[in-house]
Amino acid sequence: MASDRPDLSPDAKWDMCYDLTLRRFFYSSLVGAATAIVFCRGPITRWGTIAFGAGVGLGSAYTDCSHIMGGALPKWPLPSGVLDSTPSLQSGTPPHSTPEVFINGEASVKFDDSL
């Protein structure tokens, strides 16, 4: 991929992002319009399908442009009080139970009864 090359200037990276965004917006809107004509009857659902397609294109372009620019998606901070209300997140274990190991051909699963 072109984003792996460190020799690209910032102007070249921006040009790549503009080109990628316009192409993905156009093509995904076009796919949304074709899908809307085939599957949707009302004008509101047709415009909604086109808007959904455009949003998918813009979202995928944003993700790829963030990689082209040398970064990743931003890590948004958790809202305050999230870690206080769920004890399983404080201990670092996932909130769901996972199979531990197979013992004698059967999986031993530990369930968290503290919820």
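**Figure 1. Surface and layout of the whole chain.** The accessible surface of the chain comes to about 9,200 Å². Carbon and sulfur atoms hold 65% of that surface. Accessible areas come from the Shrake-Rupley method with a 1.4 Å probe; for residues, only the protein chains shown count as cover. This is a predicted model: local features need pLDDT of at least 70, side-chain atom pairs count only at pLDDT 80 or more, and totals for chains, interfaces and linings use all residues. Residues are numbered from 1 along each chain as its sequence is written, and side-chain values use heavy atoms, with hydrogens and water left out.

The chain has 4 helices and 2 strands. Helices (H or I, at least four residues) and strands (E, at least two) are DSSP runs, numbered from the N terminus. Along the sequence the pattern reads α-α-α-α-β-β. The chain has 115 residues, and 17% of them count as buried. Buried means under 20% relative accessible area, exposed means over 50%, and partly exposed lies in between (1.4 Å probe, protein chains only). Take the contacts (heavy atoms within 4.5 Å) in the chain with a separation of 6 or more: 42% of them join residues 24 or more positions apart.

**Figure 2. Tryptophan 14 and tyrosine 18, an aromatic pair.** Rings of Phe, Tyr and Trp (its six-membered ring) pair if their centres lie within 6.5 Å. Planes under 30 degrees apart count as stacked, over 60 as edge-to-face and the rest as tilted. The count comes to 2 aromatic pairs. The pair of tryptophan 14 and tyrosine 18 is tilted, at 5.9 Å centre to centre and 35° between the planes. Both residues sit in helix H1 (residues 10-39). They are 4 residues apart, so about one helical turn separates them.

**Figure 3. A nonpolar patch on the surface.** Trp14, Tyr18 and Met69 form this patch, with about 340 Å² of accessible area together. Patches are made of residues with over 30% relative accessible area and no salt bridge: like charges are joined within 9 Å, nonpolar side chains (Val, Leu, Ile, Met, Phe, Trp, Tyr) within 5 Å. A salt bridge is a side-chain nitrogen of Lys or Arg within 4 Å of a carboxyl oxygen of Asp or Glu. Tryptophan 14 is partly exposed at 45% relative accessible area. Tyrosine 18 is exposed at 52%. Methionine 69 is partly exposed at 33%, and its place is the loop between helix H2 (43-68) and helix H3 (82-85).

**Figure 4. Alanine 34 and arginine 46.** Alanine 34 belongs to helix H1. Alanine 34 is partly exposed, with a relative accessible area of 43%. Arginine 46 is 12 residues from alanine 34 in sequence and 9.5 Å away in space, C-alpha to C-alpha.
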